[in-house]
Amino acid sequence: MTKLTQTRTLGSGSAALTVSPVGLGCMGMSEFYGTTDEAQSTQTIQRALDLGVTFLDTADMYGPFTNELLVGKAIAGRRDEVQLATKFGNERGEDGSRIGINGSPDYVRKACDASLQRLGVDHIDLYYQHRIDRSTPIEETWGALAELVTAGKVRHLGISEASPATIRAAHAVHPITALQTEWSLWTRDVEENDVLATVRELGIGFVPYSPIGRGFLSGEIRSLDDLAPDDFRRQNPRFQGENFVTNLELVDKVREIAAEKGVTATQLALAWVLAQGEDVVPIPGTKRVQYLEENAAAADVELAKEDLARLEEVAPVGVTAGDRYPDMSSIDR
């Protein structure tokens, strides 16, 4: 396929960051989605850069810590081509244990320095608060983040899974470039809980993670047998029992429309997200070149008003059965 030449801009004014129209989520290269293969993942990241998919997304908690090391090695010598995003806030131990959500200023500074070292870079292009620490005032967390920008360690700031009130409070301390939150044909909460309206009012970009519904919208997952024994989706409510059956009906309708357009269900799902606005940059995750190329090609899929209307009919807000996570308590609402 040909190299992507389009770009999109996240944020506005001094917070604006120009990125590729589709990014690459790197989480699954190190954890959560079954077996990992560092050589295969490195090849996928380098192929992404060759294709113009230059917006790479990682986090310190993926692995934990090993995903940043992987991404850092993969982009060595090509740093100038990359818009590099990572996150802090989900604190984990070296043994993989989950310590909790931490937004304290001291932790912010330590986490950033550790990420810079693992990534082997002198600055992070977009640094997200991964989850909201309710025990630390958001103003204190963002005061520390603003200091990182002043110090040149971080160029732009982002926030993930934050409520409208939290977004406004953080943005008042330092301009937010992007909100990263789940958004897809089967997760449309942000359209009805004022999150999308808030970021657009404030000129903040939107980075949807899991834009293919954790792979479900690809249509390739027909039963739990299609997932590795240690795949975290096996514990997801949307992949359980009657929820799975109900959600499969949605997927089959999406596949039908995709077939008529001559694209894959994955590409249709991504094209729908891309069609939601020029301020939207999805970051589908994959560890394989084949799927990376399929995802990148979605940037060239054009949806007519009739296509969007049909998708709205088959996948309206609230159509999906089941919560997004087994435990929704870490989601700021």
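**Reading a fold**

Reply: Helix α2 (residues 66-75) is mostly covered, with seven of its 10 residues buried. Buried means under 20% relative accessible area, exposed over 50%, and partly exposed in between (1.4 Å probe, protein chains only). Helices (H or I, at least four residues) and strands (E, at least two) are DSSP runs, numbered from the N terminus. This is a predicted model, in which local features need pLDDT of at least 70 and side-chain atom pairs count only at pLDDT 80 or more, whereas totals for chains, interfaces and linings use all residues. Residues are numbered from 1 along each chain as its sequence is written, and side-chain values use heavy atoms, with hydrogens and water left out.

Me: Which residues of α2 are buried, and against which elements do they pack?

Reply: Asn67, Glu68, Leu70, Val71, Gly72, Ala74 and Ile75 are buried. Contact means heavy atoms within 4.5 Å. The buried residues of α2 pack against α1 (38-50), β4 (55-57), β5 and α3. Just after α2, Gly77 adopts a positive phi of about 85°.

Me: What is the strand order of the open sheet?

Reply: Strands of a sheet pair through backbone hydrogen bonds, either parallel or antiparallel. Two strands are taken to pair if DSSP finds at least two bridges between them. Here seven strands form an open sheet in the order β3-β4-β5-β8-β9-β10-β11, with parallel pairing. The edges are β3 (24-25) and β11 (205-209); each has a single partner strand, so one side of each is left without a neighbour in the sheet. Strand β10 (residues 178-182) pairs with β11 in the parallel sense over five bridges, and Glu182 has Tyr209 in β11 as its bridge partner.

Me: How many bridges join β8 to β5 and to β9?

Reply: Four bridges join β5 to β8, and five join β8 to β9. Tyr127 in β8 is the bridge partner of Thr86, while Leu157 in β9 is the bridge partner of Tyr127. From β8 the chain passes through helix α4 (residues 138-151) to β9 in a right-handed β-α-β crossover. Right-handed means that, with the strands pointing away from the viewer, the path from the first strand over the helix to the second runs clockwise. Six of the six residues of β8 are buried, so β8 is largely enclosed by the rest of the structure.

Me: Which residues touch the most other members of the largest nonpolar core?

Reply: A nonpolar core is a set of buried Ala, Val, Leu, Ile, Met, Phe, Trp, Tyr and Cys residues joined through side-chain atoms within 4.5 Å. In the largest one, of 82 residues, Tyr127 and Ile159 touch the most other members. Helix α8 (residues 265-274) supplies the largest share of this core, eight residues. A second, separate core of 15 residues includes Leu17, Ala85, Ala178 and Ile331.

Me: Is Arg188 buried or exposed, and which side chains make polar contacts with it?

Reply: A polar contact is a pair of N or O atoms within 3.5 Å; within protein, one must be able to donate a hydrogen and the other to accept it, and residues adjacent in sequence count only if both atoms are side-chain atoms. Arg188 lies in the loop between β10 and α6 (195-202) and is buried, with a relative accessible area of 5%. The side chain of Arg188 makes polar contacts with the side chains of Glu191 at 2.7 Å and Glu312 at 2.9 Å.
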